[in-house]
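Subject: Structure handover

Hello,

Here is the structure for your files. My notes follow below it.

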Amino acid sequence: PFINTEGLRQAESILSEYGLQAQKRPGRGLVHMIRLEEGVYSPDEAVLRLKELKRLVSSAFLLPRGEQKVLFAGSFFEELRALKLQKELRAKGVEVTLAPARVTMKGTLLVALNADRQTARQLAEYIGERGLNAQIEQAR
């Protein structure tokens, strides 16, 4: 799904270049995100570290990893925004690393109904080269 209007407009333009009509539908799907990972802690320590990090950045959150918790400073669709926050945190003495993730999110699905299989493959590759995500599904 598209979670921002710029990506949606870009994909619509690409489909139009291929002479394809697209339908917009609300839906869910995997979205590539970039998380800023600060560290892995025991559950008790993670809660304390989260409170400290939230003083610097309100977007901080915890996720489980086995018996431990992973502390993240934020999650971003755009890498430039992630890099900007990473730089800001480094200046404040907090080191974070970029951690790619695939997250199921709600958004707008753009469906090209009249594409043959070969065109769909070419289109998915072309869209992927532009940093957008495309899936090919057989019509039911």
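Start with helix H4. On one side of H4, Gln 118, Arg 121, Glu 125 and Glu 129 are exposed (over 50% relative accessible area; buried is under 20%, partly exposed in between; 1.4 Å probe, protein chains only). Helices (H or I, at least four residues) and strands (E, at least two) are DSSP runs, numbered from the N terminus.

Two caveats on the source. This is a predicted model: local features need pLDDT of at least 70, side-chain atom pairs count only at pLDDT 80 or more, and totals for chains, interfaces and linings use all residues. Residues are numbered from 1 along each chain as its sequence is written, and side-chain values use heavy atoms, with hydrogens and water left out.

**More on H4**

The buried residues of H4 are Thr 119, Ala 120, Leu 123, Ala 124 and Ile 127. Down the axis of H4, they fall within an arc of 135°, so they line one face of the helix. The arc is that of the directions from the helix axis to the C-beta atoms. These buried residues pack against H1, where contact means heavy atoms within 4.5 Å. H4 has 13 residues and reaches 19 Å from first C-alpha to last, close to the 18 Å expected at 1.5 Å a residue. The expected span is 1.5 Å times one less than the number of residues. At the start of H4, a side-chain oxygen of Asp 116 comes within 3.1 Å of the backbone nitrogen of Gln 118. Just after H4, Gly 131 has a positive phi of about 80°.

**Helix H3**

H3 covers residues 79-91, and its end C-alpha atoms are 19 Å apart, which agrees with the 18 Å its 13 residues should span. Ala 82, Leu 85, Gln 86 and Leu 89 are buried in H3. Their arc around the axis is only 105°, which puts them on the same side of H3. Leu 80, Lys 84, Lys 87 and Ala 91 are exposed on the other side. The cover over the buried residues includes E1, helix H2 (43-54), E3 and strand E4 (97-112).

**Aromatic pairs**

There are 2 aromatic pairs. Rings of Phe, Tyr and Trp (its six-membered ring) pair if their centres lie within 6.5 Å; planes under 30 degrees apart count as stacked, over 60 as edge-to-face and the rest as tilted. Tyr 18 and Tyr 126 have ring centres 6.0 Å apart and planes at 55°, so this pair is tilted. Tyr 18 lies in the loop between helix H1 (5-17) and E1, and Tyr 126 in H4, so the pair ties together parts 108 residues apart in sequence. Tyr 18 is partly exposed at 31%, and Tyr 126 is partly exposed at 22%.

Phe 61 and Phe 72 have ring centres 5.1 Å apart and planes at 20°, so this pair is stacked. Phe 61 is in strand E2 (residues 61-65) and Phe 72 in strand E3 (residues 68-76). Phe 72 is buried at 5% relative accessibility.

Charges sit over rings too (NZ of Lys or CZ of Arg within 6 Å of the ring centre and within 35 degrees of the ring normal). Arg 35 lies over the face of Phe 72, 5.5 Å from the ring centre. The charged end of Arg 130 is over the ring of Tyr 126, 3.6 Å from its centre.

Regards

Definitions and conventions. Polar contact = N/O pair within 3.5 Å; in protein donor to acceptor, adjacent residues only side chain to side chain.
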